[in-house]
Amino acid sequence: MSGTSQVTRRPASVVRASLVIWLLIAVASVLTVLAVVLDDETIVAWVGGQGRSPDDTRVPPSFTPVVVVLYVVISVLLLVLLVFLRGGHNWARHSIAAGAGLVLFAVGSGLRTDPPIAFLVPSLAVLLLAAVLVVLLYLPATSAFVGKVDRPETEPDAETSSGPNAETSAEPPVPPLS
């Protein structure tokens with residue numbers, strides 16, 4: 001192993017955010033299984049009986065496809081973004097926070113339909129975990145960690161440039177943005 005590479009230790013807030021993401025996915029899987037198993041009860045709770053007559057032949061839509069697609073897409077997205085967050089990428093932190101907002105919206109929308117009581121505890125757990133995740137993402141230790149990513153340096157000033165291409169460049173230097 002070479003002595004030139006430095007290993008940056010992840011702060012506890014990033015480790016905890018990783019754990020919270022995994023917990024979110026676990027609780028979301030419970031909600032997804034509940035949505036599949038209790039689909040008929042969810043539809044009855046959603047439709048309620050309002051505007052329904054014995055002659056009504058409309059078939060209410062199922063929640064199962066929507067819930068399964070939401071679970072797969074958001075879980076995979078969060079796991080991919082988690083890899084980048086653990087690598088110290090600041091944009092991943094903001095993307096995960098946006099994903100947590102999407103989770104809050106999806107779960108809040110599901111609770112608005114007055115689902116069966118079995119959904120209440122896991123849904124509240126998801127809401128709590130998503131809020132904790134956002135807090136962990138914006139703690140000072142996390143901000144310091146994602147701010148340490150090596151970035152390419154800007155073009156050197158004319159006075160400090162040296163090397164074989166210092167005088168042969170045909171393009172004028174680009175002024176730095178203010």
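## The largest pocket

Four helices, α1, α3, α4 (90-112) and α5 (120-137), each supply at least two residues to the lining of the largest pocket in this predicted model. Helices here are DSSP runs of H or I with at least four residues, numbered from the N terminus. A pocket is an open set of points on a 1 Å grid over the protein atoms alone, with protein on both sides within 12 Å along at least five of seven lines, and lining residues have an atom within 4 Å of a point. The biggest contribution to the lining comes from α4, with 9 residues.

The volume of this pocket is about 670 Å³, taken as the space filled by probe spheres set on the points, which are joined across faces, edges and corners. Its lining has 29 residues, and V67, L70, A106, V107 and G110 are the closest to the centre. By type, the lining splits into 21 nonpolar, 7 polar and 1 charged. In that count Ala, Val, Leu, Ile, Met, Phe, Trp, Tyr, Cys and Pro are nonpolar, Asp, Glu, Lys and Arg are charged, and the others, Gly among them, are polar.

Buried means under 20%, exposed over 50%, and partly exposed in between.

L23 sits in helix α1 and is partly exposed, at 38% relative accessibility. Its C-alpha is 7.7 Å from that of L129, although L23 and L129 are 106 residues apart in sequence.

P140 belongs to helix α6 (residues 140-146) and counts as exposed, at 66%. P140 and S13 are 127 residues apart in sequence, yet 8.9 Å apart from C-alpha to C-alpha.

## About the model

Residues are numbered from 1 along each chain as its sequence is written, and side-chain values use heavy atoms, without hydrogens and water. As the model is predicted, local features need pLDDT of at least 70 and side-chain atom pairs count only at pLDDT 80 or more, while totals for chains, interfaces and linings use all residues.

Methods: On a 1 Å grid over the protein atoms alone, a cavity is a set of points where a 1.4 Å probe fits but cannot get out, and a pocket is an open set with protein on both sides within 12 Å along at least five of seven lines; lining residues have an atom within 4 Å of a point. Buried means under 20% relative accessible area, exposed over 50%, partly exposed in between (1.4 Å probe, protein chains only).
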